Amino acid sequence: MQSGRSTPLQWRSLSLLLGRHRDVTGSIHLTRLKVLLSTLKKNIDDIRSATAGIPQPVVCSRATSSLDTFQSFAEADVRRIIMSSPIKSCSLDPVPTFLLREFVDLLLPFATRMVNASLEEGRLPISQRHAIVTPLLKRPGLDTADMSNYRPVSNLGFMSKVVERAVAIRLNDYLAGDHLLPHHQSAYRKKRSTEAAMLCVWSDVLMAADTRQVTLLCLLDLSAAFDCVDHDLLQPPPATT
């Protein structure tokens, strides 16, 4: 007869399965990490300084309706988001993603409640506001001692990504329903692609050539665009009691 007590081998297997052996401290030295954070903050400070005297843009048109609240999700919708998400885990996840997907029907009521509570309150739970940030070189061959050559890559917990996808669905529904997206925008839209954007430009060039018009193409590439995100503006408002 087997004993009801767990053996050390079982505990080691369980810890291995949950990923508790993984090192989440990172390999970058603390001093270099402080320099990296200082470099990223300097990017934002430089932008604020350079644009301090520029007047605000003139708003030519406004939406006929506003997005005041997010509509809640049913369990079937949350299940669809979970099952369609990539099977990627973060060191901050309490369980690997594949386990969550395997027992999704059992955990679905809790996941749905978390998603809807986040949408209703406009903020994530404190446990989901953290990420594992890994500094990666922007291009091979750059000086590894220069912190400005790194870009921070955040690895969020899986449930944070589920809430993020839920917000994106509601936001895209609002933008598409009120026709607030530019007609020729291809990025971040379903059934649009780089090929569609190129074909649209190529068609305009050929039509201009047929009428003997000159075409001037101006391309704008934002360098280190994600390094310029003002994180102070992204901070959620303090919770009211």
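A salt bridge is a side-chain nitrogen of Lys or Arg within 4 Å of a carboxyl oxygen of Asp or Glu. The side chains of R123 and E121 meet in one, at 3.5 Å from N to O.

This is a predicted model, in which local features need pLDDT of at least 70, side-chain atom pairs count only at pLDDT 80 or more, and totals for chains, interfaces and linings use all residues. Residues are numbered from 1 along each chain as its sequence is written, and side-chain values use heavy atoms, with hydrogens and water left out.

**Overall layout**

The chain has 8 helices and 2 strands. Helices (H or I, at least four residues) and strands (E, at least two) are DSSP runs, numbered from the N terminus. Along the sequence, the pattern is α-α-α-α-α-β-β-α-α-α. Of the 241 residues in the chain, 20% are buried. Buried means under 20% relative accessible area, exposed means over 50%, and partly exposed lies in between (1.4 Å probe, protein chains only). The chain exposes about 19200 Å², and carbon and sulfur atoms supply 60% of that area. Accessible areas come from the Shrake-Rupley method with a 1.4 Å probe; for residues, only the protein chains shown count as cover.

Contact means heavy atoms within 4.5 Å. Take the contacts between residues at least 6 apart in sequence: 63% of them join residues at least 24 apart.

**Salt bridges**

How many salt bridges does a search of the whole structure find? The search finds 5.

| Pair | Closest N to O distance |
|---|---|
| K42 and D46 | 2.9 Å |
| R79 and D105 | 2.8 Å |

K42 and D46 both sit in helix α2 (residues 30-50), 4 residues apart, so about one helical turn separates them. D46 is partly exposed, at 39% relative accessibility.

R79 is partly exposed at 32%, while D105 is exposed at 53%.

Back to the opening pair. R123 has a relative accessible area of 30%, and E121 has 49%. R123 counts as partly exposed, and E121 is partly exposed as well.

**Helix α3**

Which residues of α3 are buried? They are V78, I81 and I82. Seen down the axis of α3, the buried residues fall within an arc of 95 degrees, so they line one face of the helix. The arc is that of the directions from the helix axis to the C-beta atoms. These buried residues pack against α4, α5 and α6. On the other side of α3, R80 and S84 are exposed.

**A buried serine**

S160 is in helix α6 (residues 158-177). S160 is buried, with a relative accessible area of 4%. Leaving aside neighbours within four places in sequence, S160 is in contact with L124 and Q128. The S160 side chain reaches the backbone oxygen of Q128 at 2.9 Å.

**A nonpolar surface patch**

F103, L106, L107 and F110 form a nonpolar patch on the surface, with about 440 Å² of accessible area together. Patches are made of residues with over 30% relative accessible area and no salt bridge; like charges are joined within 9 Å, nonpolar side chains (Val, Leu, Ile, Met, Phe, Trp, Tyr) within 5 Å. F103 is in the loop between α4 (97-102) and α5 (104-121). F103 is partly exposed, at 43% relative accessible area.

Methods: A polar contact is a pair of N or O atoms within 3.5 Å; within protein, one must be able to donate a hydrogen and the other to accept it, and residues adjacent in sequence count only if both atoms are side-chain atoms.
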